[in-house]
Amino acid sequence: MMMLGLALAMTACKDGGEVPANSGPVDLTIRVGSSEMMRSLPNTGGMTAVTGHKVRYVLEVLDAASKTSIERKANVENLGTATSSFSLSLNPGSYDFLFWADFVTSDDTDLYYDTQDLTDVQILKSGANYLGDHTRDAYCGARLAQAVNSSYTFSALTLTRPFGRIEVAATDFDPAVTAKVPAKAKLTYTSAIPSSYNVSTGTVGSATLASQNFTITLDPPATGGVQTLDLLYDYVLAASAGTSVNFKVELLDGSDAVLSTRNMAGITAQANKRTTLAGDFYSVVTKDFDGSVTISENFSESVNPDTDYMPTSLTASAVTATGMTLTWSAVKDATEYRVEYATNSGFTTGLTVKTGITAKTYALSSLTAGTTYYIRVVAVSAATGFSVVSATATQATAAE
């Protein structure tokens, strides 16, 4: 599951002229920019791959005072689609704008989440049908109490995951002790976990799922001495302030016999943060976990990291009044690259997309003199789809 950066912008117009602040309906366009979520993901870390899905963006507008839903819209896009736009017509007033993005199979039919009310998003599946699956990834965000009139503008907004990531590792794995080499790892939640989320407040609801568990197949190294073995990870709906969860992790042999068990109690998961548990799994067969617990901002994959597939070192050279040459680092397994450039950091003004680039360099032409351009690159792979977007490079053309 990868991080999701969404840049949104709103514009207001009516019959080609400016709408007085207190006149009739204001026409708005909300543009959704490039997303790291909008790509396929391989089967990594025991998680089911993202294949044969589409990406859905949901916008719900609430009256800011009464919290009554005014309108709900959804766009369903192909994996890899760069942008998605919503058009609205609202009377001047104060509104809450709530956003949700997730995977679906074909249309706006809810797959993993009931999104008909973004103040109470509900998990629709459970157990093995929900856990251990990349396609349950989701992102959300909110902009509250927005005073909409003809002069209103919507500043950039980054959507983030409503989940906390829990990652478990054994620090005393020894491949030489063959009787203790695990074939599988099983996670069982020993108390109920949240199954609903309020996008408006960034908190979990009262609904829960009980008796949830999943098992993944491991591929531990056969050599190397005593080392740390990454076992599994999972995602739990969690509040920004933290949500306490209880679970146990069991290591199993090829016949599903238990090699060791660690009980984890009172572990804190925080929305869009990573909780890492690392400790011994072999000193005794069963005990309460007593290793280290750390919470960090790093939400990236520990297996097959996104950075392995992200273009880096993007630079511009040979700059003239109407052009420049871009170069970047090669990306593993990339079959081609896509260059995107615009005249604002949100990539909503003058956005141009160049596709089918097979070299790690590209010459931009027909640019405007004395103009600052924002540039980014995406790698494309037959195996993993669209990569994480590169860091944005900024370069001004020369004055005439």
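A: Asp256 has 41% relative accessibility and therefore counts as partly exposed, since buried means under 20% relative accessible area, exposed over 50%, and partly exposed in between, with a 1.4 Å probe and protein chains only. This is a predicted model, in which local features need pLDDT of at least 70 and side-chain atom pairs count only at pLDDT 80 or more, whereas totals for chains, interfaces and linings use all residues. Residues are numbered from 1 along each chain as its sequence is written, and side-chain values use heavy atoms, with hydrogens and water left out.

Q: What makes the contact between Lys184 and Asp256 a salt bridge?
A: The closest N and O atoms of Lys184 and Asp256 are 2.8 Å apart, and a salt bridge is defined as a side-chain nitrogen of Lys or Arg within 4 Å of a carboxyl oxygen of Asp or Glu, so the pair qualifies. The two residues belong to distant parts of the chain, 72 residues apart, with Lys184 in strand S12 (residues 184-189) and Asp256 in the loop between strand S19 (243-252) and strand S20 (258-269); strands here are DSSP runs of E with at least two residues, numbered from the N terminus. Lys184 has 23% relative accessibility and so counts as partly exposed.

Q: Why is Arg56 called buried, and which residue does the side chain of Arg56 meet in a salt bridge?
A: Arg56 is called buried because its relative accessibility is 0%. The side chain of Arg56 meets that of Asp110 in a salt bridge, at 2.7 Å from N to O. Arg56 lies in strand S4 (residues 54-63) and Asp110 in the loop between strand S7 (93-104) and strand S8 (113-114), so this pair ties together parts that are 54 residues apart in sequence. Both residues also belong to a network of salt bridges that links them with Arg72, Asp102 and Asp108.

Q: Why is the pair of Trp100 and Tyr113 called edge-to-face?
A: Rings of Phe, Tyr and Trp (its six-membered ring) pair if their centres lie within 6.5 Å, and planes under 30 degrees apart count as stacked, over 60 as edge-to-face and the rest as tilted. The ring centres of Trp100 and Tyr113 are 5.3 Å apart and their planes stand at 65°, so the pair is edge-to-face. Trp100 and Tyr113 are both buried, and together with Tyr112 they form one aromatic cluster.

Q: How do you know that Tyr189 and Phe247 are an edge-to-face pair?
A: The rings of Tyr189 and Phe247 lie 6.0 Å apart, centre to centre, with 65° between the planes, and the pair is edge-to-face. Tyr189 lies in strand S12 and Phe247 in strand S19, so the pair ties together parts that are 58 residues apart in sequence. Both Tyr189 and Phe247 are buried.

Q: What makes a set of residues a nonpolar core, and which residues have the most contacts inside the largest one?
A: A nonpolar core is a set of buried Ala, Val, Leu, Ile, Met, Phe, Trp, Tyr and Cys residues joined through side-chain atoms within 4.5 Å. The largest has 49 residues, and those with the most contacts inside it are Trp100, Val168, Leu231, Phe247, Val249, Met264 and Phe281. Strand S18 (residues 227-237) gives the largest share of this core, seven residues. Apart from it lies another core, of 21 residues, among them Val55, Tyr95, Ala101 and Leu157.

Q: Why are Ala145 and Ser313 called exposed?
A: Ala145 has 52% relative accessibility and so counts as exposed, and Ser313, at 55%, therefore counts as exposed as well. Phi is positive in each of these residues other than glycine, near 50° in Ala145 and near 55° in Ser313. Ala145 lies in strand S10 (residues 138-148), whereas Ser313 is found in the loop between strand S23 (292-296) and S24.

Terms used: Helix = DSSP H or I, 4+ residues; strand = E, 2+ residues; numbered from the N terminus.
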